[in-house]
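Biologist: Before we use any structural terms, could we go through what stands behind them, one at a time?

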Amino acid sequence: MSQQNNWPLWEVFVRSSRGLSHVHAGSLHAPDAQMAVRNARDLYTRRNEGVSLWVVKSEDIISSDPDEKDAFFESPQGKDYRHATYYKASEGVKHL
Amino acid sequence: MNHDELDAELDSFGDALASATRVTPGNALRPEDIAVGGAKPSEDVARYALTLGDDALILAQRLSHWISRAPELEEDIALGNIALDVLGHARSFLTYAGLAWDKTEDDLAYWREEDDFTSLWIVEQPNGHFGVTIIRQLIVSVFQHLLYSKLTESADETLAAICAKAVKEVDYHRDHAIQWTIRLGLGTEESAAKMRHALEILWPYVDEMFQDLELHRKLDGIAVLPSSLREAWDKEINAVLADSGLEIPKTGQAMANGRGGEHSEHLGFILAEMQVLARKHPGASW
């Protein structure tokens, strides 16, 4: 039963019928992209009409390194001047 | 809170509730609707609906045997899904047919004998290996897709409504079978050999699907003449097999008469298992 090795892992993104964007729903194994879409339909949408599905081979996703979280995501901390809310509206300026 | 208000409230939650488990039947006709609001069919229409329901019921029974036994987890779910769809079609057809004889879907499913069943021989054939099940699905779902497509224009409103819902689902079953036929046909040497074997053992039951009966002729405008579907079916199957590196086998045709209640040796075993509980406890409700 080493068949598993032949079926790559795919990540599934679903936009539901009233959704605005695709959301990561989970993953599954499938022999190829076409079958992955069909399997995703069975597993993650229950065939509600009007949904959109994306499947991506897991190996094609590059993720940020959790160990580098500090350097990666903390740079905005304490830099309020990066945000518009930091600046006060000058008197007399309308429609801002 | 009535149903519409509840729906509106659920809608207002938007995606937060759009879970994989929430059922949204839409405006599709359900067996329950047919049972309470369906117009009583004539004897002939009921007998015709029964043939369609029996095909679906026996196929659903066969497919559900795959649960937990499929080659992959995803495929287990796909076959289970298809079995559920087909069982839904059976429920609608049998509920409708039963109105003519004051019988419920359960009466018809559990309290008829083998020679009362009017299903085709193809649907009662054993699952065999995965390739056999896929070829059986290919043969049947391409046929059902053509049949239900035409029946959406039936002069019988209930049949048309049942088929309008069923045709979308069968379209997917057809796609699923085609995808697997191509992959297994063009897969390894072994998978191709198994697909050739599947075609050989199932091909004898093809002609029966297209036999016109007196019943079909009597129901002009209501039923579809099976023979009228043959050309389109051949064309589609030929195209799929060509894409899959497979050929139509040269096996002869079985003397099948499922519509007349004469079945292969397989149906009795299916029914024995399917009906045992209902017959052991007559009148029980579940």
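Modeller: Let us begin with angles between helices: an axis is a line fitted to C-alpha atoms, for helices over the stretch in contact, and the angle runs from 0 to 180 degrees between N-to-C directions. Please keep in mind throughout that this is a predicted model.

Biologist: With that in hand, what is the angle at which H8(B) and H12(B) pack, and how far apart are their axes?

Modeller: Helix H8 (residues 157–185) of chain B and helix H12 (residues 230–243) of chain B pack at about 35 degrees, and 8 Å separates their axes. The crossing of H8(B) and H12(B) is right-handed, and the residues that make the contact are Arg174(B), Ile178(B), Thr181(B) and Ile182(B) on H8(B), together with Glu236(B), Val240(B), Leu241(B) and Asp243(B) on H12(B).

Biologist: Which kinds of element, helices or strands, does chain B have?

Modeller: Chain B has 13 helices and zero strands. Buried residues, those with under 20% relative accessible area, make up 51% of its 286 residues.

Biologist: What makes H7(B) largely enclosed by the rest of the structure?

Modeller: Of the 22 residues of H7(B), 20 are buried, and therefore the helix is largely enclosed by the rest of the structure. As for its length, helix H7 (residues 130–151) of chain B reaches 30 Å from its first C-alpha to its last, which is close to the 32 Å expected at 1.5 Å a residue.

Biologist: Turning to chain A, why are S2(A) and S3(A) said to stand at the edges?

Modeller: Three strands of chain A form an open sheet in the order S2-S1-S3, and the pairing is antiparallel. Strand S2 (23–29) and strand S3 (52–57) of chain A each have a single partner strand, so one side of each is left without a neighbour in the sheet. From one strand to the next, the twist averages 30 degrees.

Biologist: How do you know that S1(A) and S3(A) are joined, and how many bridges are there?

Modeller: Two strands count as paired if DSSP finds at least two bridges between them, and six bridges join strand S1 (residues 9–15) of chain A to S3(A), so the pair meets that requirement. S1(A) and S3(A) run antiparallel, and Glu11(A) has Val56(A) in S3(A) as its bridge partner.

Biologist: What packs on this sheet, and which strands does it touch?

Modeller: Helix H1 (residues 33–45) of chain A packs on the sheet and touches S1, S2 and S3 of chain A, while its direction makes about 120 degrees with that of S2(A).

Notes: Residues numbered from 1 in each chain as written. Chains lettered and ligands numbered in written order. Predicted model: local features only at pLDDT ≥ 70, side-chain atom pairs only at ≥ 80, totals over all residues. Heavy atoms only, no water. Helix = DSSP H or I, 4+ residues; strand = E, 2+ residues; numbered from the N terminus. Expected span 1.5 Å × (residues − 1). Buried < 20%, exposed > 50% of the residue type's maximum accessible area, 1.4 Å probe, protein only. Contact = heavy atoms within 4.5 Å. Left-handed = near helix turned anticlockwise from the far one by under 90°.
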